[in-house]
Amino acid sequence: MANKHYFLMCVLALLASQAGAQEKTESTTETGGDRNVMLNAADTYKPREIQIGLPSEDVNVYENGLPAVYSSSVHKLSAHWRNDASLKGTSLMTPSESAIATGNIAYSVNAQSELGLGSRDFQATLNYHANHYGLQNFDLNLSGKLAPHWYWTASMYQNFDPGTIKLRFTDFADRTQIYHAGITREFNNHRGKISLLYKYSNSKNAGNFDNQGPFIYVGDGSVKKLNGFRLGRDSYVPASGTFTYLDIMDGKQKTWTFNEALENRAHEVALLFDYQFDNGLKWNVDVKYMNAPRANYVDFGGSTIFNATAADGYTTADGTAYEGLAEGRRTWLHFGKVSNLLLTSELHKQVGNHALRLGMNEWYYHLDYHSSSMQWVASADNYPTVLYTTYTNPLDATQSPYRTQTYGYNELSPEYTKGYENKLAVYFTDNWQVTPKFKVLYGGRLEYYRMSADQIAASRFPGFHIGDFETYSTAADGTITATSHSIHADRVVKNKLNYAATLQLTYALNSHLGLLADGTVATRYPRISDYAGTGPTEEQYKRVTIPLLRGGVYFKNSWLDLTSMVSYISKSNNIDQQNLTRPGTTEAKTVLLIYNIRTLGWTTSAEMDPFRNFHLHALFTWQKPVYSNYNASVTFSGGQTMSVDADGMVVKEIPQVLIEFDPSYNITPNLRAWLSFRYFGKTYANLQEALYFNGHWETFGGVNWQVNKHLSLGVDVVNFLNQTGAKGTINGSELISKSEASQYAGTYMSGSYLRPFTVEFSASLHF
């Protein structure tokens, strides 16, 4: 019966039509296209990460020339930005373009807002999306004319998403509201315009922490179901409950329920100005202020799945001894307040064969953030039962042990920082057509970076919190020892210069064949978010340098646009806070790691139109990202010291082989079918190449039908091959080495999973 159901859903997907996908397949040789960035198999509501051979620091999205969110380390992108009807489209900045304009080497999404103009006549667009899991999404944009040269616009985005997993403590895995309003004034015969925009977002993403599940690691890169648990369909979060935690700010025990600590609210005001001078000079100034008084989220993690017996002392709420599979779990509650004031101004001018751009960034970001952590043990099944255990107060060992569900308060990487960072930068680019066959693009960026951050460099321990306090321990002979702690933040202030530069050469050998080469380098110093943990010491505070070198060939004719390039990219002094678990136990310690990564790669991309109405984008990438200087040791209870040494090993979670196929066919001028296949090769699931996952396909497909000039309808399918299984990192596996890998075949483990098969329907009305 299940197979019949799946077959029928596939048939529906191929016969129906989809209006919301709107994916493009432009060449990425120069402009970057958009590479289907909104087709994300990991997260429905944010752009996918396009691999460049380095672990992602952030998903960079810029709206009207300014960051949609300054940083996703606390205030998550999907909490404040969605690809909604207020936008007229998205494009993709290449790593080189992004390095000069923003200081970050990464593919960056650039979105332009319809709010900047409004419309001379009344217009309305209503988009509706749904899926077979119960999603209801409404997206409305209205615009019109107020008076001569005055225009208005307003938008509303409402998302009611129950997710693919039924959460019993809430109705929605994602409940997000976003409102826009704007007014525009044109002047001087339409040469200039100025727009005032307002945006409000309110988002709760409860599904964020139900993104893992248990499985059997077979040992050959595949996984099997553990006790029938369906990854992506069954919940690894308790049905309901209240957790006790220790507030890092004051050391008081408090309670948290699953519906709390998830709210994100933000207000934003933006002013957009652009003007076209008589001599062809274009000037734009974009400025916005954003304030998020609540920027909160929750992380769930895991360690080791084990067989609990009555002798282990775990019980259910009624005191019954628990026997069966259980896992040590971890939770981090993140509380943030974020504000920023961002300004970007650019001048553009065509001077002969030179397309010149001169820009400036003044970006100020303020962060007030802390997190508290706790540990607990629960059954390893659907809607796990949180178990009680005997616990001794870490602040006062003289207190009698007591029964509790949570323990290890603030032992694992609780964070705190408060302060600001400011970037004042000037940059320029010159796109120079030297001869009809030879083009040079060069540019540079110089950035004054100032950071002022609170840092608590003290090592974390059970009961850790800010303030002056004493802990008491009792020796075997009954002697009580008091240890005084003074946990306070120190202010760290840095004034540094960052820089970026790029040089890109294109030479046409003939009308079809040409050579490409480019080199880009960007530098930065540790950011304020790096100081939320123990942070880098003064000796560890070093410049992060990211060089990117590429070279290759391109070929173009009437139906083929092909580019093939070899690349090298590296990153020095990468900062990472890692929780290292003692294998086979629930015990972990937090260490700060500073290491390098280097990647050699080869990419071939093609845009093909072999026959009328058919288009195919194809991409093949081979890359080998490896760690350098990645080693650390940690001492667990009982004095056991273990180490991790990943020098020369392939970076976890990054595949070495990537393949994309994006075919589309216009059946009629108004009916278009499309597919998107992405293959991710073998990826390592731990730091020392011991555990891995086999390659997998992420697939999308759909049909768009433009019924008439007012109505379009459709359907698309996510994961139409219905691939299931695990991906990413395996919990608690950090210290497992290659020589020990065979011991873990058939072992119970946990981790994240592939997005399950989903059919999505949509309709769009436009007047």
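Strand S9 gives the nonpolar patch its largest share, three residues. The model shown is predicted.

**View 1. Nonpolar surface patch of about 650 Å².** The patch is made by Leu 146, Trp 150, Ile 183, Ile 194, Leu 196, Tyr 198, Val 269 and Leu 271.

**View 2. Leu 146, a member of the nonpolar patch.** Leu 146 lies in strand S6, which spans residues 136–147. Its relative accessible area is 52%; Leu 146 is therefore exposed, the cut-off for this class being over 50%.

**View 3. Ser 379 in strand S18.** Strand S18 covers residues 354–379, and Ser 379 is placed in this strand. Ser 379 counts as buried because its relative accessibility is 1%, where buried means under 20%.

**View 4. Polar contacts of the Ser 379 side chain.** One partner is the side chain of Asp 381, with which the side chain of Ser 379 makes a polar contact at 2.8 Å. The side chain of Ser 379 also reaches a backbone atom, the nitrogen of Thr 385, at 2.7 Å.

**View 5. Residues touched by Ser 379.** Leaving aside residues up to four places away in sequence, Ser 379 touches Tyr 236, Tyr 322, Leu 325, Ala 326, Pro 384, Thr 385 and Leu 387. Thr 385, listed here among the touched residues, is also the residue whose backbone nitrogen the Ser 379 side chain reaches.

Key
Residues numbered from 1 in each chain as written. Predicted model: local features only at pLDDT ≥ 70, side-chain atom pairs only at ≥ 80, totals over all residues. Heavy atoms only, no water. Helix = DSSP H or I, 4+ residues; strand = E, 2+ residues; numbered from the N terminus. Buried < 20%, exposed > 50% of the residue type's maximum accessible area, 1.4 Å probe, protein only. Polar contact = N/O pair within 3.5 Å; in protein donor to acceptor, adjacent residues only side chain to side chain. Contact = heavy atoms within 4.5 Å. Patch = residues over 30% accessible without salt bridge, like charges linked within 9 Å, V, L, I, M, F, W, Y side chains within 5 Å. Areas by Shrake-Rupley, 256 points an atom, 1.4 Å probe, with all protein chains shown as cover. Salt bridge = Lys/Arg side-chain N within 4 Å of Asp/Glu carboxyl O.
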